[in-house]
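Dear colleague,

I am handing over the structure that you will be working through, and it is placed just below this paragraph.

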Amino acid sequence: MGTPQLYQPVAMTISYTGDVANASSFGCFNKILLRWRGSVYKLIYKELLAYVMIYLIINIFYRECLVKNSECHECLTWRESREIFESLCVYCRGQLTSIPLTFVLGFYVSLIVKRWWVQYSLLPWPDSMAIYLVGCQWEGKGERGEGWMKRNIIR
């Protein structure tokens, strides 16, 4: 019997440069997006499908049931239902204007830029290491002397 494998390596970097370089038609870009393993579409497709389906159900219900049935003069309940639905839509639109979208987007963008700047400032810079190594005295001469050691450390 073999030992169970606790860690299974996962390919993190996927190269699409060959596909992009051989792009001959307009549809190639769409093919790459659909094949992309780390795609944004892969992350949000379930929520997007749910949102689109709910929107379509509500839209079809409003246009096919409420509007067509409320045009009848004897159908008072359908007309009342349509008025309630439309007043709910007006209320929701009024509530959307009370949230300052530009403020929320500005806050979000500043948060993203702050995270990016922290990541950028944590990158190691070879300049300070190079200045330090210039002042160091290394023993050794010849092929494996101080120049070789300094060059390999900087790399």
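To follow the part on the pocket, you will need its definition: on a 1 Å grid over the protein atoms alone, a pocket is an open set of points with protein on both sides within 12 Å along at least five of seven lines, where a 1.4 Å probe fits, and lining residues have an atom within 4 Å of a point. Rolling a probe the size of a water molecule over the atoms shows where empty space is left.

This is a predicted model, in which local features need pLDDT of at least 70 and side-chain atom pairs count only at pLDDT 80 or more, while totals for chains, interfaces and linings use all residues. Residues are numbered from 1 along each chain as its sequence is written, and side-chain values use heavy atoms, with hydrogens and water left out.

The chain has seven helices and zero strands, where helices (H or I, at least four residues) and strands (E, at least two) are DSSP runs, numbered from the N terminus. Of the 155 residues in the chain, 8% are buried; buried means under 20% relative accessible area, exposed means over 50%, and partly exposed lies in between, with a 1.4 Å probe and protein chains only.

Which residues line the largest pocket? They are Tyr-51, Ile-54, Tyr-55, Ile-58, Asn-59, Tyr-62, Arg-63, Phe-85 and Cys-89. Helices α3 (40–70) and α4 (76–98) each supply at least two residues of this lining, and α3 gives the most, with seven residues. The volume of the largest pocket is about 260 Å³, a volume being the space filled by probe spheres set on the grid points, which are joined across faces, edges and corners.

Helix α3 also contains Ser-70, which counts as buried because its relative accessibility is 6%. Between Ser-70 and Ser-81 there are 8.4 Å in space, C-alpha to C-alpha, although the two are 11 residues apart in sequence.

Next come the charged pairs. A search of the whole structure finds two salt bridges, each being a side-chain nitrogen of Lys or Arg within 4 Å of a carboxyl oxygen of Asp or Glu. In one, the side chains of Glu-64 and Lys-68 meet (2.9 Å, N to O); because these two are four residues apart in helix α3, about one helical turn separates Glu-64 from Lys-68. Glu-64 is partly exposed, with a relative accessible area of 43%, and Lys-68 is partly exposed as well, at 49%. Another salt bridge joins the side chains of Glu-86 and Arg-82 (2.9 Å, N to O), which are four residues apart in helix α4 and therefore separated by about one helical turn.

Lastly, Tyr-108, Val-109, Ile-112, Val-113, Trp-116, Trp-117, Tyr-120, Leu-123 and Trp-125 make a nonpolar surface patch of about 970 Å². Patches are made of residues with over 30% relative accessible area and no salt bridge, with like charges joined within 9 Å and nonpolar side chains (Val, Leu, Ile, Met, Phe, Trp, Tyr) within 5 Å. Accessible areas come from the Shrake-Rupley method with a 1.4 Å probe, and for residues only the protein chains shown count as cover.

With best wishes
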